[in-house]
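These are my notebook entries on one chain. I record what I looked up and how each term was defined.

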Amino acid sequence: MQSDLGIRKVFFRNVSSIDYDARGKVNLSNSLFIHLKSAESVQLKWLSEKDVSEVQTRFEDYMAQKDTPNTVQIKQETSNADELLKLLNCINKDY
């Protein structure tokens, strides 16, 4: 984002929510309020509806991907030693 203060990068991982504000006739003052986890807010003014939609879509995609569990199932195989211990336990129970 560029402003009078320079360029600032905002990463989605630091965003808690995004609010859209359309005011005036023909939405001439579209704004996005990006609320950060640090309790700061960034306002982007004079955005087209296309730009607003693009930011919101990308944020929603990020959140959906983030919420998708990345689980990996690992098949735990028993070792030969484990199998021998099981066999010994079975034999010892019989005696």
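**Entry 1. The sheet.** I began with the pairing of S3 and S4, which run antiparallel and are joined by six bridges. The model is a predicted one: local features require pLDDT of at least 70, side-chain atom pairs count only at pLDDT 80 or more, and totals for chains, interfaces and linings use all residues. Residues are numbered from 1 along each chain as its sequence is written, and side-chain values use heavy atoms, with hydrogens and water left out. I take helices (H or I, at least four residues) and strands (E, at least two) as DSSP runs numbered from the N terminus. Two strands pair if DSSP finds at least two bridges between them.

Next I looked up S4 and S5, which also run antiparallel and have five bridges between them. The three strands form an open antiparallel sheet in the order S3-S4-S5. Strand S3 (15–21) and strand S5 (41–45) are the edge strands, each pairing on one side only. I noted an average twist of 15 degrees from one strand to the next. Helix H1 (residues 49–67) packs on this sheet and touches S3 and S4, and its direction makes about 155 degrees with that of S3. For such angles, axes are lines fitted to C-alpha atoms, for helices over the stretch in contact, and values run from 0 to 180 degrees between N-to-C directions.

I then checked the hairpin of S4 and S5: four residues lie between the strands, and Ala39 takes a positive phi near 75 degrees.

**Entry 2. Ser31.** I placed Ser31 in strand S4 (residues 31–36). Is Ser31 buried or exposed? Ser31 counts as buried because its relative accessibility is 5%, where buried means under 20% relative accessible area, exposed over 50%, and partly exposed in between (1.4 Å probe, protein chains only).

On one side, Ser31 is the bridge partner of Asp21; in S5, Ser31 stands opposite Lys45. Leaving aside neighbours within four places in sequence, I found Ser31 in contact (heavy atoms within 4.5 Å) with Asp19, Tyr20, Asp21, Gln43, Leu44 and Lys45. The side chains of Ser31 and Gln43 are joined by a polar contact of 3.4 Å. A polar contact is a pair of N or O atoms within 3.5 Å; within protein, one must be able to donate a hydrogen and the other to accept it, and residues adjacent in sequence count only if both atoms are side-chain atoms.

**Entry 3. Ser17.** For comparison I looked up Ser17, which is in strand S3. Ser17 is classed as partly exposed because its relative accessible area is 26%. Beyond four places in sequence, Ser17 is in contact with Phe33, Ile34 and His35. Ser17 and Phe33 are 16 residues apart in sequence, and their C-alpha atoms are 8.3 Å apart in space.

**Entry 4. The nonpolar core.** Which residues make up the largest nonpolar core? I listed ten: Val15, Ile18, Leu32, Ile34, Leu36, Val42, Leu44, Leu47, Val52 and Phe59. Such a core is a set of buried Ala, Val, Leu, Ile, Met, Phe, Trp, Tyr and Cys residues joined through side-chain atoms within 4.5 Å. S3, S4, S5 and H1 each supply at least two residues of this core, and S4 gives the most, with three residues.

Bridge partners include Ile18 with Ile34 in S4 and Leu32 with Leu44 in S5. I recorded that Leu36 touches Arg8, Val10, Asn14, Val15, Ser16 and Val42, not counting residues up to four places away in sequence. S5 has a covered face of Val42 and Leu44 and an uncovered one of Ser41, Gln43 and Lys45.

**Entry 5. The whole chain.** Last, I noted that the chain has two helices and five strands, running β-β-β-β-β-α-α from the N terminus. Of its 95 residues, 14% are buried. Among contacts with a separation of 6 or more, 27% join residues 24 or more positions apart.
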